[in-house]
Amino acid sequence: MRDILLIDDDAEILQSLAKALSPCLGGLSLCAAGNAAEGLKLLESEKPGVVVLDLCLDQRAGIESGFSMLREIRARDPHARVIVLTGHGSTANGI
């Protein structure tokens, strides 16, 4: 069981987030996924309390990939807290 699941298609971002969060975790544990399929597998197996999700998870599908993943996370675990991140400088899709 993990406490935090990071999901982002950019390996450098995943590594940076993990490195930045590590000193702040205390006794919490962290796992990471580089795509939606891997993220869903870890969601099922690790049962994280918090998911940090990239809004643009698939560059070809754009932000809909992140919204689709958010819906899937909510369907599988309605109690998980989800933090949505984006590298795009707009508040148009804020939720």
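Trainee: Is Lys-47 buried, partly exposed or exposed?

Mentor: Lys-47 is partly exposed, at a relative accessible area of 45%. Buried means under 20% relative accessible area and exposed over 50%, with partly exposed in between (1.4 Å probe, protein chains only).

Trainee: What kind of model is this?

Mentor: This is a predicted model, where local features need pLDDT of at least 70, side-chain atom pairs count only at pLDDT 80 or more, and totals for chains, interfaces and linings use all residues. Residues are numbered from 1 along each chain as its sequence is written, and side-chain values use heavy atoms, leaving out hydrogens and water.

Trainee: Which side chain meets Lys-47 in a salt bridge?

Mentor: That of Glu-44, at 4.0 Å from N to O. A salt bridge is a side-chain nitrogen of Lys or Arg within 4 Å of a carboxyl oxygen of Asp or Glu. Glu-44 is partly exposed, at 36% relative accessibility.

Trainee: And what joins Arg-76 to Glu-44?

Mentor: A salt bridge, 3.5 Å from N to O. Arg-76 is in helix H3 (residues 63-76) and Glu-44 in helix H2 (residues 36-46), so the pair ties together parts 32 residues apart in sequence. Helices are DSSP runs (H or I, at least four residues), numbered from the N terminus.

Trainee: Which residues are linked in a network?

Mentor: Salt bridges link Glu-44, Lys-47, Glu-72 and Arg-76 in a network.

Trainee: New topic. What does Arg-71 form with Glu-64?

Mentor: A salt bridge, with the closest N and O atoms 2.4 Å apart. Arg-71 is partly exposed at 49%, and Glu-64 is partly exposed at 41%.

Trainee: How many salt bridges are there in the whole structure?

Mentor: The search finds five.

Conventions: Helix = DSSP H or I, 4+ residues; strand = E, 2+ residues; numbered from the N terminus.
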